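Welcome, and please take a moment with the sequence and the model. The notes that follow are meant to be read alongside them.

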Amino acid sequence: MTRSRLEFIVFAVLLCAIFGISLALRTGLPWEQVFTGQWIKLTDNDAYYYVRLLDNLSSHFPLLGKFDPYSIFPAGKDLSGQPLFFVYFMGFFTWLLGGGHPSQQTVDVVAVLFPAVLGALMVFPVFFIGRAVFNKWAGLAAALFITFIPGEYLARTLLGNTDIHAMEIFFSTLFMLFLLLAVNSGKDTSLHPLPQAGRRALARPIIYSAAAGLCLGIYVMSWEGALLFVLISFAWLVLQIIINHLRGRPAGYLGLAGGITYLCALLSSFAARPGLMASLSLLAALAAAAVLPLLSWYMQRRKLKPAYYIPCVLALAGLGILAVYLVSPALPGQMFSAIVKFFMWRPSVTIAEAQPLLIDRGSFTLAMTWGNFTTASVMGLIGLGIIIYQVCRNGSPGITMLAVWSIFTLLAALAMRRFAYYFAVNAALLSGYTGWLILRATGFKEDTALAPPPPASPASKKKTKTARSRAAQGGARANRALLALGGAAVVLLAVYPNTGPLPGGDRPFSDVATRALYTPSDAWYESLDWMRGNTPEPFGEPGYYYEYYQKDSSGAQPSAAYSVVCWWDNGYWVTRIAHRVPFSNPGSAQIGEQYLFTAQDPAAADKIASASGMKYVVLSDYLVDWTKGLETVAADAGQPASRYYEIYYRTQNGKLSPTLLYYPEYYQMLSVRLYCFDGKEFTPSETAVISWEAKTGADGAPYKEITGLKTFGSQADAAAFIDMQKEGNWRIVGKDPHISPVPLEALEGYRHVYSSSQKSHIGNAELPEVRIFEYTGTE
């Protein structure tokens, strides 16, 4: 067996083994959270949007309507121009595996497996990028790292997380791989004059460039934020062209690779009618790929000083921006805003994935970084520092690509922690390189331990005794031991910090894979199943959920008869599980439910309910429990949480003890009056009033200490007492969310129709986790 054949077999087996481990972990660990027996659950809110479209597409493949009437009240969502290749991609495999008529079971199984398979397949492009930039050992180490990196990357490549993110990661990485291969295979090709370039010499870069363009086109057709990797690749190519020119190297092959890539991406993305921003970005990149190498060639031919090249590039960029401005004055600003949004820090947002990686609840922390990358955060930064130094020294295309790519994704991840799933690929590659440096320090070489020793010659056989002395044998054993130690160290660094257990019992990988934070509970599934079978069809026709939707002859599209109001985060669940139309969902800008839930005045609530077309309102413990979502609901309504509740302290046995107290505004919220009191009248037996003082703790943090407590027979008496006080701080409070300190009138127009059998503890009571009320309106 030849050496190359043996290397191929060994690395193929190792890669397939890593792929198998990755797939087993991504499917096995969350299996019980997805396949629950009665239901097949998705583990991400947005996944319900895509699989809802897959439900419909699978009934008419390859046709998908231009709008979805079930998406949002009243007229649905316009799907024309939406980047929905992800849905078609899943639809093809669903159609194929279902023999042209897939069952709902087939649709569900394909949908939940899709992200896990894509995540497991990532070991292959990561390996080949590592091999192309460094060597096969670095690529293998990178494949191992990408398998075990936890955090955002793992969460988005797990069984059931059927969102576009796994596809984003996979095709953006494939794109960078093929673009790198196109550049590497074309750098020794002379393009001047073009007729002298042989067909074989040009075939490879052209094929790789076309493949890169196809992957970029798929990426554009899958996500509206695809401008990110157009920017990354464009920045790399421009920088590489500048480096080549300054060092006297040809740049034509870069223009060939970039030009074909962006042209193929532009042509392939037309199938999905990309937005103006995406099209202009690809056209700008295509123009730069064509013009900048020609400018370099011209200046080198005229023997102009290389230092003149950068001002010329800047001048061309200015002319390009001016041309866009003349076409549309608003476009340059829009393009700039589209770029900046990837790197802008928003520490005040309430959506966790949109917060900066280094900020948690307003404070600086490294915990999120460690939770997303563990050892890859340290090894990756070491590797990044080394390759930046190498870029400054020689600027080879592969090293420059990885440096630019890593810097951009790192900046994006720092600004918005969700983009940690992009930097995970770079962290794995950079850690793989650092891992290779560890291997090399222990004696590894490119061909270490792969090929058998060459056959000994007759002359060498006679010298066996002297050549294999005990000292040599001891040295060989020591060398093999050192090699084994180096290999074990890299495997340990890639695996153990992620699988644990670490001090404190943390297991970052399994903790992420098994918790399924955004999976609907059994209570939600049970309640929405009830809704699907026991409420009127919003379009009057059973099975309309699976119809192919078209506008009528007048251009009008169907509107739902009513809406279901729930917290916006649960809107996609209502569509996909209940087959009903929500008033809001995570993808809409339509708001109002937060004002309904926090409404203090029933008349104001009725106006919101009527305006939203509400017939049913779905309430859960999330809306009323301060440990869950109450603070977020209040913030979305423009109110501080302290309007509804606060933590006070009292001195007991010489120590401060915290106690949670609710204000009357909490009990008067519509959501609390329905969820905790069934919308019924409530009269308290007594009303408590506390006095308190503002103090500062030893750590400098302010707090409120209770200094007195009085109880009264009615709210009126309590209010009269407070009015009589000329000094001090006094407040009516309640301690139990089910016992209001103020009287509550019965709510008219609401009828309780369903409660889940699963319970939730709210305060000292146990209530159904999900409750559904019918809104009948008021006269």
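What follows is a short tour of a sheet, some helices and a set of salt bridges.

## Ground rules

This is a predicted model, in which local features need pLDDT of at least 70 and side-chain atom pairs count only at pLDDT 80 or more, while totals for chains, interfaces and linings use all residues. Residues are numbered from 1 along each chain as its sequence is written, and side-chain values use heavy atoms, with hydrogens and water left out.

## A four-stranded sheet

Let's start with an open sheet of four strands in the order S5-S6-S15-S12, with mixed pairing. Strands here are DSSP runs of E with at least two residues, and helices are runs of H or I with at least four residues, both numbered from the N terminus; two strands pair if DSSP finds at least two bridges between them. Strand S5 (563-565) and strand S12 (750-755) stand at the edges with a single partner strand each, so one side of each has no neighbour in the sheet. From one strand to the next, the twist averages 25 degrees (axes are lines fitted to C-alpha atoms, and angles run from 0 to 180 degrees between N-to-C directions).

Strand S15 (residues 770-775) runs antiparallel to strand S6 (residues 614-620), and five bridges join them; Ser620 has Val770 as its bridge partner in S15. S12 also pairs with S15 in the antiparallel sense, over five bridges, and here Arg751 is partnered by Glu774 of S15. Six of the six residues of S15 are buried, so the rest of the structure largely encloses this strand. Buried means under 20% relative accessible area, exposed over 50%, and partly exposed in between (1.4 Å probe, protein chains only). Val770, Ile772 and Glu774 point one way from S15, Arg771, Phe773 and Tyr775 point the other way, and all are buried.

Helix H18 (residues 397-415) has 19 residues and should span 27 Å at 1.5 Å a residue, which agrees with the 27 Å between its end C-alpha atoms. The expected span is 1.5 Å times one less than the number of residues. H18 is mostly covered, with 17 of its 19 residues buried.

Thr369 has its place in helix H16 (residues 367-373) and counts as buried at 16% relative accessibility. Setting aside neighbours within four places in sequence, Thr369 is in contact (heavy atoms within 4.5 Å) with Leu357, Leu358, Thr374 and Ser377. In helix H23 (residues 508-515), the buried residues are Pro508, Phe509, Ser510, Val512 and Ala513.

## Salt bridges

Side chains of opposite charge can pair when their charged atoms come close. The structure holds 15 salt bridges, each being a side-chain nitrogen of Lys or Arg within 4 Å of a carboxyl oxygen of Asp or Glu. One of them joins Arg532 to Asp529, with the closest N and O atoms 3.4 Å apart. These two are three residues apart in helix H24 (residues 522-534), so about one helical turn separates them. Arg532 is partly exposed at 36%, and Asp529 is partly exposed at 24%.

Lys704 and Glu646 form another, with 2.9 Å between the closest N and O atoms. Lys704 lies in strand S10 (residues 702-712) and Glu646 in strand S7 (residues 645-652), so the pair ties together parts 58 residues apart in sequence. Lys704 counts as partly exposed at 22% relative accessibility, whereas Glu646 is buried at 17%.
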